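Me: Hi! Could you walk me through the cavities and pockets in this one?
Reply: Happy to, let's take a look together.
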Amino acid sequence: MATAEVTNVTEYEELARQKLPKMVFDYYASGAEDQWTLRENRNAFERIRFRPRILIDVTKVDLTTNVLGFNISMPIMVAPTAMQRMAHPDGELATARAVSKAGTIMTLSSWATSSVEEVASVGPGIRFFQLYVYKDRNVVAQLVRRAERAGFKAIALTVDTPRLGRRESDIKNRFALPSHLTLANFEGLDLGKMDKTQDSGLASYVAGQIDRSLSWKDVKWLQTITKLPILVKGVITAEDTQLAIQSGAAGIIVSNHGARQLDYVSATISALEEVVLAARGRVPVFLDGGVRRGTDVLKALALGASGVFVGRPVVFGLATDGQKGVEKVLQMLRDEFELAMALAGCTKVSDIKRSHIQTEAERLYSKL
């Protein structure tokens with residue numbers, strides 16, 4: 001299939017599979033263990049039905065929204081995905097340009113193959129920085145300061161990775177960062193290289209560097225070293241929602257790490273409403289995971305999300321066609337979301353209500 005024939009973002013996955021070395025494609029595409037949650041992140045969307053409203057004037061449909069005080073073109077943002085130069089030589093720089101052009105937010109991974117300074121140098125754009133907490137807190141403080149100086153607007157603190165999930169394809173492939181690349185944010189700190197090991201080089205790197213003792217007190221500690229708002233990424237329960245808010249989180253990202261950590265956790269779309277209800281409007285709640293269609297975005301917003309983050313489709317678009325591929329992924333999701341809103345009878349984001357959808361549980365209950 002030629003890239004000109006791509007009609008939805010899922011088709012980029014197969015194109016990326018054909019283009020990338022097996023080790024690299026498997027790293028991006030795979031989930032943990034049995035990959036049940038990986039499949040469920042998609043399947044759970046299919047169990048939600050729309051209740052569209054009709055005879056509403058949808059001549060104009062306004063997709064704009066506000067996230068943490070920033071006006072963006074649509075409630076579709078880019079999730080942090082590591083090591084993007086494995087997908088395309090321009091890596092995170094191509095993604096940053098495409099996201100800026102689309103008028104939305106990019107989240108840069110700690111484990112990017114381009115530094116925060118390099119990403120800032122491509123020009124203006126609203127960017128968040130995803131943070132892993134290293135055992136050496138000076139490294140963390142230094143990284144946060146650099147992100148602030150480079151004009152990043154928020155920290156997305158990943159809290160579901162005290163140890164790396166068991167990703168069996170990475171073990172089989174003995175995954176390691178290709179030798180011509182480094183984790184660019186750590187180059188000067190002798191933490192930029194990832195050695196080849198007998199299993200997953202990334203798992204060994206995480207075991208050596210990432211702080212397993214990370215706890216809620218560290219969310220408070222982060223607030224002492226930065227004025228940037230902190231989004232807690234990796235919350236899927238009401239209990240942790242309460243604790244995140246008590247710890248000063250400015251927002252919550254419902255995420256299961258792209259189904260790459262603990263297998264057999266709920267799909268993020270299934271966990272979303274529990275988190276939204278527990279947050280009680282005190283902080284915005286975002287969804288990360290499984291979004292492949294504009295209809296998925298509409299479902300997430302109907303369940304109370306303030307926006308969604310998209311990961312793998314962006315990387316697969318990047319692998320296939322560089323910056324143009326990322327632009328097309330974002331444009332297709334935007335177009336689909338606009339059409340879904342119009343067909344559901346919504347002319348602006350604030351029109352999207354819980355009554356626009358029905359969950360599987362509600363359908364079963366209505367039959368009792």
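Reply: One definition before we start: Ala, Val, Leu, Ile, Met, Phe, Trp, Tyr, Cys and Pro count as nonpolar, Asp, Glu, Lys and Arg as charged, and the others, Gly among them, as polar. With that, the lining of the second largest pocket comes out as eight nonpolar, four polar and three charged residues. Bear in mind that this is a predicted model.

Me: OK, stay with the second largest pocket. What volume does it have?
Reply: Its volume is about 270 Å³. The second largest pocket has 15 lining residues, and those nearest its centre are Val159, Asp160, Leu214, Trp216 and Asp240. Helix H9 (216-225) and strand E8 (230-235) are the elements that give two or more residues to this lining.

Me: And the largest pocket, how much space lies in there?
Reply: About 400 Å³. It is lined by 22 residues, with Glu13, Ala29, Ser30, Gln35 and Leu38 closest to its centre. Two or more residues come from each of helix H1 (11-19), H2, helix H3 (36-46), helix H7 (168-173) and H13.

Me: How does the lining of the largest pocket divide by class?
Reply: There are ten charged, seven polar and five nonpolar residues in that lining.

Me: Who lines the largest cavity?
Reply: There are 29 lining residues, and Pro80, Thr81, His257, Gly258 and Arg260 lie nearest the centre. Helix H2 (22-29), strand E11 (307-310) and helix H13 (312-344) each contribute at least two residues. By class, the lining has 13 nonpolar, ten polar and six charged residues.

Me: Which residues does UniProt list for "binding site"?
Reply: The unreviewed UniProt entry lists Tyr27, Tyr132, Arg167, His257 and Arg260 under that name. The lining of the largest cavity includes Tyr27, Tyr132, Arg167, His257 and Arg260.

Me: Let's zoom in on His257. Where does it lie?
Reply: His257 is in the loop between strand E9 (251-254) and helix H11 (268-279).

Me: Why does His257 count as buried?
Reply: Because its relative accessibility is 10%, and buried means under 20%.

Me: What does His257 touch?
Reply: Leaving out residues up to four places away in sequence, His257 touches Tyr132, Thr158, Asp160, Thr161 and Arg167. The side chains of His257 and Tyr132 are joined by a polar contact of 3.3 Å.

Me: And Arg260, buried or exposed?
Reply: Arg260 is buried, because its relative accessible area is 9%, under the 20% cut-off. Arg260 lies in the loop between E9 and H11.

Me: Which residues does Arg260 touch?
Reply: With residues up to four places away in sequence not counted, Arg260 touches Tyr27, Tyr28, Ser30, Gly31, Ala32, Gly165, Arg167 and Arg312. The Arg260 side chain also reaches the backbone oxygen of Ser30 at 2.9 Å.

Me: Back to the second largest cavity for a moment. What lines it?
Reply: The lining consists of Tyr132, Val133, Thr158, Val159, Thr161, Pro162, Ile210, Asp211 and Leu214. By class, those residues divide into six nonpolar, two polar and one charged.

Methods:
Residues are numbered from 1 along each chain as its sequence is written. This is a predicted model: local features need pLDDT of at least 70, side-chain atom pairs count only at pLDDT 80 or more; totals for chains, interfaces and linings use all residues. Side-chain values use heavy atoms; hydrogens and water are left out. UniProt positions are given in the numbering used here, feature names are shortened, and annotations may be inferred rather than shown by experiment. On a 1 Å grid over the protein atoms alone, a cavity is a set of points where a 1.4 Å probe fits but cannot get out, and a pocket is an open set with protein on both sides within 12 Å along at least five of seven lines; lining residues have an atom within 4 Å of a point. Helices (H or I, at least four residues) and strands (E, at least two) are DSSP runs, numbered from the N terminus. Buried means under 20% relative accessible area, exposed over 50%, partly exposed in between (1.4 Å probe, protein chains only). Contact means heavy atoms within 4.5 Å. A polar contact is a pair of N or O atoms within 3.5 Å; within protein, one must be able to donate a hydrogen and the other to accept it, and residues adjacent in sequence count only if both atoms are side-chain atoms. Grid points are joined across faces, edges and corners, and a volume is the space filled by probe spheres set on the points.
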